[in-house]
Amino acid sequence: MKPLIEAKGLKRYYRRGVETVKALDGVDVSIGEGEMVSILGPSGSGKTTLINLLSCLDAPSEGTLTVAGKPAAGLTEDQLVELRRGTLGFVFQQFHLLPTLTVAENVELPLVFLGRSVERRKTLEILSWVGLEDRASHLPNELSGGQMQRVAIARALSIEPRILVADEPTGNLDKKSGRMIFDLFKRLAREKGLAVLITTHNTAFGYEADRVITLEDGRIVREERPART
Amino acid sequence: MNQPILMRYTTLAFRNLRRRRVRTALTVAGVALAVMVGVALGGFMLGYRGAIDRSIDMLGFQVMIMAKGCPYEAATMMLKGGTGLLYLPADTFDKVRSDQAVESITPVFVGVAQKEGSGIRDGAKEAAFTVISGVEPASYLVMKPWLRLKAGAGFENGRWFKPESEDEIVLGFEAAEYEQRKVGDDFYATIQPAGKPDALRRRFKVVGVLERTGTQDDGTVFMPIRAARLAFNRPNELTILGIKLKDFNSFKLREFENRWLKLPEVQVVGLQQVKTTLIGLVATAQTMIAAVAAIAILVALLGVVNAILMSVYERTGEIGIMKALGARRGDIFQLVWLETLILCLLGSLVGSAAAVVGAGVVERAIRSLADLGVSGSIVSITPKVLAYAVLGSTALGCFAGLYPAWRASSMRPVDAIREGASQ
């Protein structure tokens, strides 16, 4: 499997007053196309820091990182944006849909930033993929939490990314909606060949991924490939 | 949604502004109010200067000779027909008439009389005053050839009074309207003769009514100069000499002034000098109002900056997501900057429209606060004034939007998303 993300000796320090906090302390990770990887761990273990680094939202203090074949360590903020554009799709715990845009317009928003043409037919295709084609003209406040998260996934998919990053995507959802979202991620990895990287507190969901990385105190303490029944 | 990028951003900016409608409306109203004040003030400055120009041009004189006194008083006397009345010896007329530089000359005697409360604007109890101008129609009409007698029903056989007549008068357009007088009607006025203890109630006959001129002549009661002097018991005095010079330029005017300033009781006032004096009279007040308008605009701009900053703060998480999804610094900057621009543009359009609609109200308000000494419209809101207002406030909007836009565009996506989640 060709690695889309490859990190070696990844470290991230923060200054908190006079103290230096090691949020991540030497992590090696490799994620390939069509692979779904869960990152588990207690609060403060470094899950979000790791996912931020791997998705080029933040720059590592030390270590090497390659994303979609391009070196990502030591880049400036603007260079990181260029690396993300069109390669990475994001889903967060907070959906952050624009309340004055319809579902379809929210999905098309990233294309505006990328300067790409917008085709409503394609948008509807993506929405049908997440099961919301009949909600295209609705406003976000007319949707349930699970539906809003699916719109956020559709929005991430609109740019046809190679990597999908989801930070606690089920954190604000009930169990049923969370299950639906997780199933969707599995399908995206399997059917669209996306590398899917997820952080979650929900161990049961996390163990449905192809690989599970468990972090503690900024280090990987366990890496497993759950057996499929 | 396949519009050019700027159009898409403009649409997005509009949608964002719609999220907080009350805040947006209040911010636009703040800008509109400031622009309205600015436009009204600009219109007043322009209109007032125009009104002074018009009023002085309609005096028909290039130069006036009057009794020595305050130049401000002289200026108001020229336009209002005289309140601070000082008198010249009547023989000044003959002396000046002999000057070779004079093309035409007309003597004017001005007096103020108390009229009866018959006018439509007079209160039941309060007395009202009217300006009586004693003139020689022959020489006066050379200066003011546009003065025409009204014709039609009620004004048939209208004419100028006979020079030797003692009770014939011609009413200016507004004087006749307010007094509800037509040709052939009587007109009563109480005159206080100089040096006499008792005022005299006089009855006059209206022999003519003038067409509207838009000048102080509209409110004036004209009568033969000889009769006016006698009525006010100033048989050897006059108020103004209106003069046209054969060759009028600043050099000739100065020569003329120097010749006649040797008379101890005389001041020579040139048309340009009066204009400058009158404009100078209100320049200080205008500067103060301009300062108030500038403060209003500044406050409105601070309101815009505050509203946009609040909006940026509320959308921190969204901005973080947009950046994560591929928005560059410039994209976010444009988006927020456009929102500021739209607020200022909308405000300036609403304010300009309100200023145009409310110009009449502003004019009435200014006139009720101060007697500006000119007739005709004093608020002139031209397309140029409106263009300056819209362009000016848009330019200020561009400036005001810089900080919020910079702040939004400088957010790191990681921090913005984290902050957004904790809000």
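Domain bounds here come from an automatic or database domain assignment. I kept that in mind while reading this predicted model.

**Entry 1: domains of chain B.** I looked up how chain B is divided. Domain 1 of chain B takes in 5–54 + 278–422. Domain 2 of chain B covers 87–238. I then checked the spacing between the two. Their centres, taken over C-alpha atoms, are 52 Å apart.

**Entry 2: strand E5 of chain B.** I turned to strand E5, residues 168–171 of chain B. Are its faces buried or exposed? I found both covered. Glu168(B) and Val170(B) are buried on one side. Ile169(B) and Leu171(B) are buried on the other.

**Entry 3: partners of E5(B).** Which strands pair with E5(B)? I found strand E7 of chain B, residues 200–209, running parallel to E5(B) and joined to it by four bridges. I also found strand E8 of chain B, residues 220–224, which pairs with E5(B) in the antiparallel sense over two bridges. I followed Val170(B) across to each partner. In E7(B), Gly208(B) stands opposite Val170(B). In E8(B), Val170(B) has Phe222(B) as its bridge partner.

**Entry 4: contact between the chains.** I looked up how many residues each chain gives to the contact. Chain A gives 29 residues and chain B gives 26. Several helices of chain B supply at least two residues each to the side that touches chain A: H1 (5–19), H10 (316–324), H11 (329–357) and H15 (413–422). I sorted that side of chain B by class. It has 11 nonpolar, 10 charged and five polar residues.

How values were computed
Residues are numbered from 1 along each chain as its sequence is written. Chains are lettered from A and ligands numbered from 1 in the order in which they are written. This is a predicted model: local features need pLDDT of at least 70, side-chain atom pairs count only at pLDDT 80 or more; totals for chains, interfaces and linings use all residues. A residue is buried if 20 or more other C-beta atoms lie within 10 Å of its own, exposed if 12 or fewer, and partly exposed in between; C-beta atoms are placed from the backbone. Two strands pair if DSSP finds at least two bridges between them. Two residues are in contact if their C-beta atoms, placed from the backbone, lie within 7 Å. Ala, Val, Leu, Ile, Met, Phe, Trp, Tyr, Cys and Pro count as nonpolar, Asp, Glu, Lys and Arg as charged, and the others, Gly among them, as polar.
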